[in-house]
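Trainee: Hi! Could you walk me through this one while I have it open?

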Amino acid sequence: MNTNQQTDKQARARFEDFYQRSINDRDAFWAEQAELIAWQQKPTQICDYSNPPFARWFVGGTTNLCHNAVDRHLAARGDQKALIAISTETNTEKTYTYRELHAEVNRMAAALQALGVETGDRVQIYMPMIAEAAFAMLACVRLGAIHSVVFGGFASGALASRIDDAQPKVIVSADAGSRGGRVVAYKPLLDEALKQSSHQPAAVLMVNRGLADMPMRAGRDHDWAALRALHSEAAVDCVWVESTHPSYTLYTSGTTGNPKGVQRDTGGYTVALASSMPHIFDAQAGQTFFCTSDIGWVVGHSYIIYAPLIAGMATVMYEGLPIRPDPGVWWSIVEKYQVTHMFSAPTAIRVLKKHDADYLNRYDISSLKALWLAGEPLDEPTAAWISGAISKPIIDNYWQTETGWPIMTLCNGIAPQATRFGSPGKAVYGYNVKLIDDATGEELSTPNQKGVLAIEGPLPPGCMQTVWRDDARFVNTYWKSIPGRMVYSTFDWGVRDEDGYYFILGRTDDVINVAGHRLGTREIEESISAHPQIAEVAVVGVADTLKGQTALAFAIVRDASAVADEAACKALEADVMKLVDSRLGAVARPSRVIFVSALPKTRSGKLLRRALQAVAEGRDPGDLSTMEDPAALAQVQQRL
Ligand code: ATP
Ligand code: MG
């Protein structure tokens with residue numbers, strides 16, 4: 001065995017031990033992790049699981065998320081970079097040190113207080129990716145107010161339903177966002193939403209970027225610039241809250257149906273994020289984290305805002321596309337700011353993959369340690385492409401809005417040597433992951449059996465406490481879906497190999513049952529995307545009188561000339577079918593491969609298979625409030 005292999009082996013053993021301790025000696029393990037954060041009062045009990053499935057972490061402890069993210073760093077690194085706000089839409093860049101960030105957050109907290117916000121009140125944040133959005137989030141948790149960020153640019157209907165659910169005292173918004181050079185005015189969307197919602201906030205705080213008209217309603221709407229000036233010297237103390245005090249609510253992406261309002265605690269979340277930085281990401285104070293997500297999603301909450309700041313790092317907040325002004329823009333940021341950690345999503349990499357890989361090689365990215373990807377299955381061809389293009393470790397991350405931080409990945413210590421493309425790796429410490437037979441509720445322990453991915457309670461710190469204002473929905477949705485067993489269902493379908501690596505095969509809703517064989521959509525998609533002509537593909541099961549269901553594939557080709565006429569389409573379709581036959585067997589072969597130029601996705605870039613399926617079966621596609629581009633679905637309808 002050479003030295004490398006030996007270190008690798010030691011690292012794996014250490015990781016295995018770390019994981020086992022988190023499960024078998026849970027409270028001692030998390031008591032140690034809790035030392036990573038600042039408490040005003042230390043917890044007296046690590047985990048109260050006397051009322052399952054509700055877990056209460058770090059009971060008796062009092063802390064503050066903003067203190068841990070900002071104030072705590074002032075003494076040691078007040079003049080270090082904290083927030084780097086870059087917009088390739090407005091061509092602006094601004095860096096805030098921890099001291100400057102602290103001052104801005106204090107001004108925002110004072111403004112919110114002046115508008116009546118108190119501990120426990122909700123504040124809705126409907127903002128583009130600008131620094132003020134981060135100030136607003138941090139100001140809320142500073143006051144112990146509960147923020148509820150709604151993805152900027154969501155249509156009025158989606159915003160109205162979230163306003164009614166969160167019942168905010170104040171809404172913070174901006175005149176406009178911008179995407180690909182197109183300005184989207186937010187204020188008219190917000191005003192329309194407020195017409196539709198039955199709840200009305202006491203005040204609306206508007207940030208004016210000077211991009212669009214922003215009609216103000218006297219008495220209700222306030223201008224941030226004016227309030228900021230009024231509170232320029234403000235000092236607002238952090239409100240020490242119970243560990244179990246909610247820090248925020250956030251809706252899931254709505255890929256499978258009605259979005260669920262996830263409620264997160266304070267102490268557990270702070271500890272989970274603090275611990276994830278050294279133990280998952282190998283990250284330290286003084287380094288720079290660049291997460292390309294949006295603050296409207298959970299990845300943005302955890303890894304644009306909170307975790308990097310808790311760790312004392314600089315964090316990059318980016319407004320813009322990955323390909324504007326050109327597909328090298330993200331890597332120019334890596335060079336300029338010496339980014340050490342980058343976090344993105346497979347969907348963004350697929351966008352880059354449509355362009356010349358040379359763009360990615362124009363910059364010196366030697367500061368970068370690795371690229372983590374999450375949000376959707378990372379197919380092998382995409383992983384291999386980006387790995388070749390940037391020559392850095394590519395690490396898949398599997399998690400959910402509900403969990404707040406990764407359920408599966410290869411943690412610091414075993415990544416990247418052990419990466420296997422197509423798999424997010426192994427269960428992360430704290431998560432007692434099980435594969436369950438959804439018909440019998442039995443645990444599947446033999447390798448390579450397919451089942452539902454589930455987590456044995458209690459969920460680790462940082463995960464959802466409940467569904468906002470709906471404990472019954474929390475219990476019934478997540479903990480009662482598997483017969484005879486109270487486990488948390490991820491509603492994802494997966495398999496584990498001999499070495500303990502998991503593979504996500506698709507969502508349980510999407511499993512296709514062809515003549516008694518159950519297939520994950522992901523399995524079929526992966527085999528199709530291995531075809532050199534295919535850029536992107538979505539597979540859904542559609543009702544079939546003979547077989548129960550058949551697979552139907554919608555594919556985007558790399559080069560449009562490959563599907564220029566009917567004969568070419570037929571030839572490529574036959575070729576793709578042959579490939580599926582050879583990789584998975586004829587049972588998985590799609591009944592048709594339909595070529596389209598775009599696929600319906602959520603705003604967070606996830607394939608809306610349920611909408612494709614409904615349209616293919618001639619049904620109403622249901623709630624499409626989170627859909628990105630309605631034209632894509634219309635095109636599918638037309639091609640069918
Ligand atoms: P909803 O729950 O409202 O239908 P959603 O599940 O898409 O929406 P999110 O919480 O944003 O909302 O997404 C989590 C889901 O995304 C996971 O359950 C899984 O299906 C998928 N996912 C996330 N990361 C990965 C990954 N690395 N590999 C495979 N799938 C992933
Ligand atoms: Mg989900």
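Trainee: Is the crossing of α16 and α17 left-handed or right-handed?
Mentor: The crossing of α16 and α17 is right-handed. Keep in mind as we go that this is a predicted model.

Trainee: Which residues make that contact?
Mentor: On the α16 side they are E523, I524, S527 and I528. From α17 come V576, L579, V580, R583 and L584. Sorted by class, the contact of α16 with α17 has 6 nonpolar, 1 polar and 2 charged residues.

Trainee: And at what angle do the axes of α16 and α17 cross?
Mentor: Roughly 120°, and the axes come within 9 Å. Helix α16 covers residues 521–529, while α17 covers 566–584. Angles of 65 to 115 degrees would count as roughly perpendicular, so α16 and α17 are oblique to each other.

Trainee: Got it. What about α2 and α10, at what angle do they pack?
Mentor: About 85°, with their axes 9 Å apart. That is why α2 is described as roughly perpendicular to α10. Look for W30, Q33 and A34 on α2, which meet V271, S275 and H279 on α10.

Trainee: How many residues of each class are in the contact of α2 with α10?
Mentor: There are 3 nonpolar and 3 polar residues, and no charged ones.

Trainee: Changing topic: how many residues surround ligand 1?
Mentor: The count is 20, and the closest are T252, T255, T256, T401 and D492.

Trainee: What does the side chain of T255 do there?
Mentor: An N or O atom in the T255 side chain is 2.4 Å from an oxygen atom of ligand 1. G254 takes part through its backbone, where an N or O atom lies 2.6 Å from a ligand oxygen.

Trainee: What is phi of N91 near?
Mentor: Near 50°, which is a positive value in a residue other than glycine. You'll find N91 in the loop between β4 and β5.

How values were computed
Residues numbered from 1 in each chain as written. Chains lettered and ligands numbered in written order. Predicted model: local features only at pLDDT ≥ 70, side-chain atom pairs only at ≥ 80, totals over all residues. Heavy atoms only, no water. Axes fitted to C-alpha atoms, helices over the stretch in contact; angles between N-to-C directions. Helix = DSSP H or I, 4+ residues; strand = E, 2+ residues; numbered from the N terminus. Parallel < 35°, antiparallel > 145°, perpendicular 65-115°, else oblique. Left-handed = near helix turned anticlockwise from the far one by under 90°. Contact = heavy atoms within 4.5 Å. Nonpolar A, V, L, I, M, F, W, Y, C, P; charged D, E, K, R; others polar. Near = heavy atom within 4 Å. Polar contact = N/O pair within 3.5 Å; in protein donor to acceptor, adjacent residues only side chain to side chain.
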